[in-house]
Amino acid sequence: MVGRTAMSTGAPLVKTYLTDFVDQMKGHHQDTPICNDFELNLYQCFEAYGTRQGIKVCRDEYDDMKECLYGNTQRFRLMAMDKERRRQYWLGKRKQHYQEDPPLESYKNPNFYRTDPSKFDF
């Protein structure tokens with residue numbers, strides 16, 4: 001059971017200088033700048049409590065990192081909103097599924113083509 005616990009968290013079974021060196025080459029999620037703080041918090045928690053107890057204690061950090069990487073809660077929220085929108089359309093509470101798009105000119109920055117910063121009206 002110890003090996004399975006260590007393997008599921010990515011921790012080596014035997015910690016040596018070689019495993020520390022190779023661990024740096026392993027593909028972590030530090031490349032995604034949004035989630036690297038969550039991963040750092042998770043590994044600091046694992047380092048503080050150990051691998052066995054860290055699985056129980058660091059569950060919140062793990063869930064935060066997983067949500068940051070995969071966005072499941074956000075996706076489920078969008079699916080629920082879309083389902084409610086369809087339900088309202090079928091019941092006749094809405095005239096269309098979605099609202100009409102705004103005109104394309106509404107996205108244009110009025111100061112986009114100006115070159116003199118003194119004439120900007122901020």
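Analyst: Cys45 and Cys58 form a disulfide, with their sulfur atoms 1.9 Å apart; a disulfide here is a pair of cysteine sulfur atoms within 2.5 Å. Cys45 lies in helix α3 and Cys58 in the loop between α4 (51–57) and α5, so the pair ties together parts that are 13 residues apart in sequence. The link of Cys45 and Cys58 is left-handed, with -90 degrees about the S-S bond. This is a predicted model, in which local features need pLDDT of at least 70 and side-chain atom pairs count only at pLDDT 80 or more, while totals for chains, interfaces and linings use all residues. Residues are numbered from 1 along each chain as its sequence is written, and side-chain values use heavy atoms, with hydrogens and water left out.

User: How many disulfides does the count come to, and how are the bonded cysteines paired in sequence order?

Analyst: The count comes to two disulfides. With the bonded cysteines numbered in sequence order, the pairing is 1-4, 2-3. Cys35 and Cys68 form a disulfide with sulfur atoms 2.1 Å apart. This pair links distant parts of the chain, 33 residues apart: Cys35 is in the loop between α2 (17–25) and α3 (36–49), and Cys68 is in helix α5 (residues 59–70). The link of Cys35 and Cys68 is left-handed, at -95 degrees about the S-S bond.

User: Are Cys35 and Cys68 buried or partly exposed?

Analyst: Buried means under 20% relative accessible area, exposed over 50%, and partly exposed in between (1.4 Å probe, protein chains only). Cys35 counts as buried because its relative accessibility is 4%, whereas Cys68, at 23%, counts as partly exposed. In the other pair, Cys45 is buried at 9% and Cys58 is buried at 1%.

User: Which residues make up the largest nonpolar core?

Analyst: In soluble globular proteins, nonpolar side chains tend to be buried together. A nonpolar core is a set of buried Ala, Val, Leu, Ile, Met, Phe, Trp, Tyr and Cys residues joined through side-chain atoms within 4.5 Å. The largest one here has five residues: Leu42, Cys45, Phe46, Cys58 and Met65. Helix α3 contributes the largest share of this core, three residues. Across the protein, 12% of the 122 residues count as buried.

User: How many helices and strands are there, and what span does α6 reach?

Analyst: Helices (H or I, at least four residues) and strands (E, at least two) are DSSP runs, numbered from the N terminus. The protein has six helices and zero strands. The expected span of a helix is 1.5 Å times one less than its number of residues. Helix α6 (residues 72–91) has 20 residues and reaches 28 Å from its first C-alpha to its last, close to the 28 Å expected. Gly92 follows α6 and has a positive phi, near 90 degrees. Helix α5, with twelve residues, reaches 16 Å, close to the 16 Å expected. Just after α5, Gly71 has a positive phi of about 65 degrees.
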